[in-house]
Amino acid sequence: MNKENYKYDIHYTEFAPAERDDLQIIQDKYYQLMNLPQIKKIADSLPDILMILNNKRQVVFANERLIELLKFDSIENVLGLRPGELLNCQHSNKNKGGCGTTIFCSKCGAVNAIQQSLKGQVSVEECRIIDHENNAFDFKVWATPYEYDGSQYSIFAIKDISAEKRRNILERIFFHDITNTAGGLMGITQIIKENPEDISEFKDILHDIATTLMDEINAQKILLAAENGTLEISGDPINTIDLLNSVKNIYQNHIVAQKRTIIIDENSKNTVFFTDHTLLKRIIGNLTKNALEAIEEGFDVTMGVNLNRNNIVFWVHNPSVIPLEVQLQLFQRSFSTKGLGRGIGTYSVKLLTEKYLGGKVYFKSNEDEGTTFYVELPFKTN
């Protein structure tokens, strides 16, 4: 039996155990816990989500805050589920065993904290989740071991820190990028100030820097609007080769492209289709910049576009390989390999493509072929 078939086996797992208790056992434990003095009153007084999980990571008790925030009708609809299933995590139904059983779950702070608490250790972690509607969440989670009537439990609390994380990341990126560009602008103006007779030599450079500055400001505006659900989409006629050339011209002269070359694949499909030009250019540009940053001097980044049935597929390739632990977290908002507060690039690509352009983003990365990101969009002709 191959791996794809194993995924439909209820006991199959790539990380945490998949086995579950029957609903009757879950309900019996719920009533046992409900009969403990003051437990419901204490749990319901907390401002954040609290649940008690059995040793199979299933909910056997939850406070009213969980029912209210996650919009469940009653506790009966919650019992027996696991945290990722409650939070609609996009990985929670990839395997038949549910939450905790995919390879992606190995990097989940929630699953790891619960596992540690069931071994008797208090654990505090951060957890990043993208749900099935491509909404991104950041949580802080606390898992505390608890034993009652011979059974091992985990008291599991969740605090939503998404707003805080989003604000910190956007502010760090905005000020980082703006400061770098403004620094370049200041350097050029200082040269002009000292050598005013040479101003004509720098007019093109000044224009490029000013254009970059406005582009970075607009990038933040687009991302904020996208996350707030207020981004307006247009339907523009786009020539595929013209778009690739436009992206190439922008980034071939960018600092990240020094001693690197951008190539447009000669077999790329030259056609016209309709989508939002600004968003698509930003998506392909973001992937191109990431690819340039991933390679050493002397290597190439290749771009192309193909037709796949009724879809048009843009792709960006570089010869480097993404480590597995990075692949598992690549599209999460606050994850980055570039340092604190830099995790937004691939997340924004996924958000804009899948939530606003009606397409999908995916990638392949291995030693033999390097790394290729794909942006697949509906081939609309009007």
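User: How many salt bridges does a search of the whole structure find?
Analyst: The search finds eight, a salt bridge being a side-chain nitrogen of Lys or Arg within 4 Å of a carboxyl oxygen of Asp or Glu. This is a predicted model, in which local features need pLDDT of at least 70 and side-chain atom pairs count only at pLDDT 80 or more, while totals for chains, interfaces and linings use all residues. Residues are numbered from 1 along each chain as its sequence is written, and side-chain values use heavy atoms, with hydrogens and water left out.

User: Which residue does Lys56 pair with?
Analyst: Lys56 forms a salt bridge with Asp21, and their closest N and O atoms are 3.2 Å apart. The pair links distant parts of the chain, 35 residues apart: Asp21 is in the loop between α1 (3–6) and α2 (23–34), and Lys56 is in the loop between β1 (49–53) and β2 (59–62). Helices (H or I, at least four residues) and strands (E, at least two) are DSSP runs, numbered from the N terminus.

User: Is Asp21 buried or exposed?
Analyst: Asp21 counts as buried, because its relative accessibility is 17%. Buried means under 20% relative accessible area, exposed over 50%, and partly exposed in between (1.4 Å probe, protein chains only). Lys56 is partly exposed, at 22%.

User: And what about Lys29, where is the salt bridge there?
Analyst: Lys29 also forms a salt bridge with Asp21, with the closest N and O atoms 3.9 Å apart. Both of these residues are buried.

User: Which residue forms a salt bridge with Glu68?
Analyst: Arg65 does, with the closest N and O atoms 2.8 Å apart. Both residues lie in helix α4 (residues 64–69), three residues apart, which is about one turn of the helix. Arg65 is partly exposed, with a relative accessible area of 26%.

User: Changing topic, at what angle do α10 and α12 pack?
Analyst: Helix α10 (residues 277–294) and helix α12 (residues 345–356) pack at about 150 degrees, with their axes 10 Å apart. Axes are lines fitted to C-alpha atoms, for helices over the stretch in contact, and angles run from 0 to 180 degrees between N-to-C directions.

User: So are those two roughly parallel or antiparallel?
Analyst: The helices α10 and α12 are roughly antiparallel to each other. Angles under 35 degrees count as roughly parallel, over 145 as roughly antiparallel, 65 to 115 as roughly perpendicular and the rest as oblique.
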